[in-house]
Amino acid sequence: MTIGSPHDQQVVLEARGITKRFPGVIANNNVSLRLHKGEVLALLGENGAGKSTLMNILYGLYHQDEGEILVNGTPMRASSPHESIQRGIGMVHQHFQLVPVMTVAENVMLGNEITRGGVFLDRRRAAHLIGEISRQYGLEVDPNALIADLPVGAQQRVEIIKALYRNADILILDEPTAVLTPQEADDLVQIMHTLVAQGKSIIFITHKLREVLEIADRIVVLRGGHVVGEALPATSSEANLAAMMVGRDVILRVDKAVAHPGATVLEVRNLRVRDDRGLLAVNGADLDVRAGEILGVAGVQGNGQTELVAAITGLRAKESGSVRVAGQDVSDATPRRISELGVAHIPEDRQREGLVTSYALTDNSVLELYYRQPFASGIIRDEAQVEAHCARLVQDFDVRTPSTHVPVSSLSGGNQQKLIVAREFSQPITLLIAAQPTRGIDVGSIEFVHSQIVKKRDEGVAVLVISAELDEVLALSDRIAVMYHGQIVATVRSGELTRDELGLLMAGAGKVAHEAF
Ligand SMILES: Nc1ncnc2c1ncn2[C@@H]1O[C@H](COP(=O)(O)OP(=O)(O)OP(=O)(O)O)[C@@H](O)[C@H]1O
Ligand SMILES: [Mg+2]
């Protein structure tokens, strides 16, 4: 797409010999990196490799212990976000920093108000400018919409507009596609193409290798805080990128034998659940999962999957209908009672539902179990037991941390997710509900988590997997249920339908056909 090699082009951002230490960890070890004008540079690496740390240093949120950052050949001085923004660097974090009760325009202007007469926000001028940015780069969004009403993909466009509004020429996107639907991710790829075509430069982090091959001009791989290699998409494959990241060959497929389903463990009947806005997000869903099988729910995000899981696990009230687990009616049961029936839950929002990030790993490793044997007798917690348990989880699931006593907030995103999975798999269970189980996890660890899910199945656990990644649903499931507009519109055996046929059902085509008869 570029004429000549990118190396002939102007270097807009350079990291020279960056080292950053945290207690017990060297997050970046003498890292050097160059970003050229008009290029998409993909940064790859295992969970905990140091990607986010490096980006936070470039954006001025962290200060490096050694090394320097140059923008257009001139060193940065203060290392503060203020200086980075002034020098034309913008960052979109994985957790958006928007105010939900404010409009798009208000959020974009926040902290950068255009004032007239020194007092009032000039909303009209700002709205006009937002409109121009949105047209120029294909960032479709209504400036007057409330953030709370927007889907995730649109919120992300607002974050990008916000950076461009502050005249960013260099954009740092930390795992922007982790929270997007496949369609939204495709849109973002288009937007990135438009941005670089107009002279912007982008550093882009992702764990999805297919995206890297599709969008990157150049790829840099980090491992253990070091740059371990550089690659070009034209001469790379998913397999060799995975091997470069992890340092060994990775099986990108799930190996599993034929399922031998037993008795029905989860039985959902005519379930109706309202979402936060009071709308019926689940509208008459029926579902069965049997012991020893994996049922995958395929669907475009926002078709009621989140509310379905919340209702089954007792986190959200049901409007009507019933849920039974192992023959027991749990329609009105509390999350604790449901968990005591042997139901494990990997929640989709790890920061809100899965962890208390200000607590240590040890506390988080027994979040729902702290009051039970062997972790407590009476009201006394057995610290040695908790400690041993946590150490085992960290070891078995390769959670990268300097110690089990640091707060979970100091773990990298993927390692937080691995800790939840480890905890939920550590108890004897009859039903596993896994929502986006590998979100933010690197390819090597995905392989491991998938094999653990299959192992649970083979031990007789009933498994319900909900994933925005159709590939993940296809790889894991013995049966696939397609969810559309709050209903299960089809349930098929794995392999019965092609990827495209499933895609049509997910888009509601099956329903239309059904109604036509
Ligand atoms: N604020 C912090 N305090 C202590 N340690 C930290 C902090 N931030 C990061 N670390 C450590 O630095 C290392 C690199 O973490 P970083 O978040 O940069 O990884 P990453 O490559 O972004 O991983 P992921 O793919 O999981 O997001 C990890 O070992 C992490 O535990
Ligand atoms: Mg990260």
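**Before starting**

Residues are numbered from 1 along each chain as its sequence is written, while chains are lettered from A and ligands numbered from 1 in the order in which they are written. In this predicted model local features need pLDDT of at least 70, side-chain atom pairs count only at pLDDT 80 or more, and totals for chains, interfaces and linings use all residues, with side-chain values taken from heavy atoms and with hydrogens and water left out.

**Stop 1: helix H6**

Select residues 182-197, which form helix H6. Helices (H or I, at least four residues) and strands (E, at least two) are DSSP runs, numbered from the N terminus. H6 has 16 residues and reaches 23 Å from its first C-alpha to its last, close to the 22 Å expected at 1.5 Å a residue; the expected span is 1.5 Å times one less than the number of residues.

Next, colour Glu184, Ala185, Leu188, Val189, Ile191, Met192, Leu195 and Val196, which are buried in H6. Buried means under 20% relative accessible area, exposed over 50%, and partly exposed in between, with a 1.4 Å probe and protein chains only. Seen down the axis of H6, these buried residues fall within an arc of 165 degrees, so they line one face of the helix; the arc is that of the directions from the helix axis to the C-beta atoms. An α-helix has 3.6 residues a turn, so residues three or four places apart point the same way. On the face turned away from the buried side of H6 are the exposed residues Gln183 and Ala197.

What covers the buried residues of H6? The cover includes strand S3 (40-45), helix H4 (123-137), helix H5 (152-165), strand S9 (170-174), strand S10 (201-205) and helix H7 (209-215). Just after H6, Gly199 has a positive phi of about 95 degrees.

**Stop 2: helices H4 and H5**

Show H4 and H5 together: they pack at an angle of about 110 degrees, with their axes 10 Å apart. Axes are lines fitted to C-alpha atoms, for helices over the stretch in contact, and angles run from 0 to 180 degrees between N-to-C directions. H4 is therefore roughly perpendicular to H5, a term for angles of 65 to 115 degrees. Display the side chains of Ala126, Leu129, Ile130, Ile133, Ser134 and Tyr137 in H4, which meet Ile161, Leu164 and Tyr165 in H5. Contact means heavy atoms within 4.5 Å.

**Stop 3: strand S6 and its surroundings**

S6 and S9 run parallel and are joined by 4 bridges; two strands pair if DSSP finds at least two bridges between them. Met91 has Ile172 in S9 as its bridge partner.

Move on to His93, in the loop between S6 and helix H3 (104-109). His93 touches Asn56, Tyr59, Leu61 and Asp174, not counting residues up to four places away in sequence. In strand S3, select Ala42, which counts as buried because its relative accessibility is 0%.

**Stop 4: the sheet of 4 strands**

Which order do the strands of the antiparallel open sheet follow? The order of its 4 strands is S14-S13-S16-S17. Strand S14 (280-290) and strand S17 (328-329) stand at the edges with a single partner strand each, so one side of each has no neighbour in the sheet. Helix H9 (residues 305-312) packs on this sheet, touching S13, S14 and strand S16 (320-325), and its direction makes about 120 degrees with that of S13. S13 (residues 264-274) and S14 pair in the antiparallel sense over 8 bridges, and Leu266 has Val289 in S14 as its bridge partner.

**Stop 5: the sheet of 6 strands**

Select the open sheet of 6 strands with mixed pairing, in the order S18-S21-S22-S15-S23-S24. Its edge strands are S18 (343-346) and S24 (487-493), each pairing on one side only, and the twist averages 15 degrees from one strand to the next. Helix H15 (residues 443-458) lies across strand S15 (294-298), S21 and S22, at about 130 degrees to S15. Helix H17 (residues 499-506) lies across S15, strand S23 (479-484) and S24, at about 30 degrees to S23.

Finish at Val473 in helix H16 (residues 470-476). Not counting residues up to four places away in sequence, Val473 touches Gly296, Val297, Ala298, Ser467 and Ile480.

Terms used:
Parallel < 35°, antiparallel > 145°, perpendicular 65-115°, else oblique.
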